[in-house]
Amino acid sequence: MDRYPVTSSNLAEIGYDPELETLEVQFKSGGVYQYFNVPAVMYERLMSADSLGRYFNKEIKDHYPEAKL
C-alpha cells in the first residue's frame, strides 16, 4: 500500500486501501500499523481534520482492529 507524508506532530505517513477498508499509518516514532474495517468516510475525515493526530486518537485508535507491521 502506498503511504503519503502528512503534516502532523505524531503521524509521518498515511495510506488507505478503499477496497479492503484498510488504513495504514506510519508514526514518527517509526512504527507502522494497519487498521481494518475503516470506512472511506473516516479516512476522508482524518485527512481533512485540523489535527490529524487528535482525530486519529479520538476516532480511529482503539475503535478498529489493528495490527503492527
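Residues are numbered from 1 along each chain as its sequence is written, and side-chain values use heavy atoms, with hydrogens and water left out. As the model is predicted, local features need pLDDT of at least 70 and side-chain atom pairs count only at pLDDT 80 or more, while totals for chains, interfaces and linings use all residues. Helices (H or I, at least four residues) and strands (E, at least two) are DSSP runs, numbered from the N terminus.

**Sheet**

- Five strands form an open sheet in the order β1-β2-β3-β4-β5, with antiparallel pairing; two strands pair if DSSP finds at least two bridges between them.
- The edge strands are β1 (4-5) and β5, each of which pairs on one side only.
- Two bridges hold β1 against β2 (residues 11-17) in the antiparallel sense, and P5 stands opposite E13 in β2.
- Strands β3 (residues 22-27) and β4 (residues 32-35) run antiparallel and are joined by four bridges; L23 stands opposite Y35 in β4.
- The hairpin of β3 and β4 has four residues between the strands, and G30 takes a positive phi near 110° there.
- Three bridges join β4 to β5 (residues 66-68), again antiparallel, and the bridge partner of Y33 in β5 is K68.

**Helices**

- Helix α1 (residues 40-48) lies across β2 and β3, running at about 150° to β2. Axes are lines fitted to C-alpha atoms, for helices over the stretch in contact, and angles run from 0 to 180 degrees between N-to-C directions.
- Helix α2 (residues 52-60) lies across β2, β3 and β4, at about 55° to β2.
- In α2, the residues L52, G53, Y55, F56 and I60 are buried (buried means under 20% relative accessible area, exposed over 50%, partly exposed in between, with a 1.4 Å probe and protein chains only).
- Seen down the axis of α2, these buried residues fall within an arc of 165°, so they line one face of the helix; the arc is that of the directions from the helix axis to the C-beta atoms.
- On the other side of α2, R54 and K58 are exposed.
- The cover over the buried residues of α2 includes β2, β3, β4 and α1 (contact means heavy atoms within 4.5 Å).
- Just after α2, D62 takes a positive phi of about 70°.

**Core**

- The largest nonpolar core has 17 residues, and those with the most contacts inside it are L11, L23, Y35, L46, F56 and I60. Such a core is a set of buried Ala, Val, Leu, Ile, Met, Phe, Trp, Tyr and Cys residues joined through side-chain atoms within 4.5 Å.
- Two or more residues of this core come from each of β2, β3, α1 and α2, and α2 gives the largest share, four residues.

**Residues of β3**

Contact lists here leave out residues up to four places away in sequence.

- L23 touches residues including I14, Y16, Y33, Y35, V38, Y43, L46 and I60.
- V25, in strand β3, is buried, with a relative accessible area of 0%.
- The contacts of V25 are L11, E13, G31, V32, Y33, Y35 and F56.
- The C-alpha atoms of V25 and H63 are separated by 15 Å, with the two residues 38 residues apart along the chain.
- Q26 also lies in β3, and its side chain makes a polar contact with the side chain of R3 (2.8 Å). A polar contact is a pair of N or O atoms within 3.5 Å; within protein, one must be able to donate a hydrogen and the other to accept it, and residues adjacent in sequence count only if both atoms are side-chain atoms.
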